[in-house]
Amino acid sequence: MPTILGQNQYGKAENRVVKITRDGDTHHIKDLNVSVALSGDMDDVHYSGSNANVLPTDTTKNTVYAFAKEYGIESAEQFGIHLARHFVTSQEPIHQARIRIEEYAWERIETSDNNSKFIGADEVKHSFVRKGQETRVTQITFDGEKWQVISGLKDLTVMNSTNSEFWGYVKDKYTTLPEAYDRILATEVSAKWRYSWSSDEERMPSWEKSYEQAKKHMLQAFAETYSLSLQQTLYQMGSRIINSRSEIDEIRFSLPNKHHFLVDLEPFGLKNDTADGAVYFAADRPYGLIEATILRDGVEPQIPVDMTNL
């Protein structure tokens, strides 16, 4: 039976690029991990080995670094848009470009008080410490006409030490979990949201502001929801973002439940009640994995399910 070629793409993955912008003595850092995937008229290279339509992956790598210098990095989204547009419009055989970017955040190190500064330290505005919070992510896809921008974050660990319950669930002969009326709710947020912007004819969002505001509303919803289930909290987080940010139409979450179990201290004659301030065992695995997509009413889902799940 003959075979045919299915979906295919190629490119250079995980190009680490760090761009330093100097504003006098004040420096700014953009630290990105950029992956390029290109697709189009690539049948011949698979069937016969002809490279006539192939832009070398090394060239895509060089383009990433050259564009960082030529255009700068205003935001991960804007940088990805520059790259995707270039690859599709400059190479006829390439019909679609997908740019995936992770951004690693840095914050400026505050200098000490005047009494302990070394000579010249008053001018130090170039020292940074890597933030230990989330990794910002984005994926830009361009087919020559339409854009799709899916941004978000991963590895953002959050916890509510109270205002969370879990009870009234289905029980069968294998159920051993006791009902909880005051529990820790903790999770490591992976979230991807899709922007409504899809055409050069439309007004482009402010990518930096949008990211910061989406994160703010997400965290506020997590903190302000009295949770009867992680699913309920997830829905409130997504709804808060969509109701607050008109440029975002869809958001998908993957939330592992980072379980905290009360330690049995009865053998030592100690009570371990939540009301008195309890001691917990933090279990890293196995864990419940809660996933869902929240949509603006009337919008069709486009974020792939496998962008966030295991």
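Me: Is E92 buried or exposed?

Reply: The model is a predicted one, in which local features need pLDDT of at least 70, side-chain atom pairs count only at pLDDT 80 or more, and totals for chains, interfaces and linings use all residues. Residues are numbered from 1 along each chain as its sequence is written, and side-chain values use heavy atoms, with hydrogens and water left out. Buried means under 20% relative accessible area, exposed over 50%, and partly exposed in between (1.4 Å probe, protein chains only). E92 has a relative accessible area of 73% and is therefore exposed. Its place is in the loop between α3 (76-90) and β3 (94-104); helices (H or I, at least four residues) and strands (E, at least two) are DSSP runs, numbered from the N terminus.

Me: Which residues form a salt bridge with a distance of 3.0 Å, N to O, between their side chains?

Reply: A salt bridge is a side-chain nitrogen of Lys or Arg within 4 Å of a carboxyl oxygen of Asp or Glu. Here E208 and K30 meet in such a bridge, at 3.0 Å from N to O. Because E208 lies in helix α4 (residues 207-224) and K30 in strand β2, the pair ties together parts that are 178 residues apart in sequence. E208 is partly exposed, at 29% relative accessible area, whereas K30 counts as buried at 13%. Both residues belong to a network of salt bridges that links K30, E77, E103, R136 and E208.

Me: How many salt bridges does a search of the whole structure find?

Reply: The search finds 16 salt bridges. One of the pairs joins E179 to K171, with the closest N and O atoms 2.8 Å apart. E179 is partly exposed, with 32% relative accessibility, and K171 is partly exposed at 47%.

Me: In which sense do β1 and β2 pair, and over how many bridges?

Reply: Two strands pair if DSSP finds at least two bridges between them. Strand β1 (residues 15-23) pairs with β2 in the antiparallel sense, over 9 bridges. Within this pairing, N15 stands opposite V34 in β2. The hairpin of β1 and β2 has 2 residues between the strands, and G24 takes a positive phi near 65 degrees there. Strand β2 also pairs with β3, again in the antiparallel sense, over 10 bridges; S39 stands opposite Q96 in β3.

Me: How many of the residues in β2 are buried?

Reply: In strand β2 (residues 26-40), 12 of the 15 residues are buried, and the strand is mostly covered.
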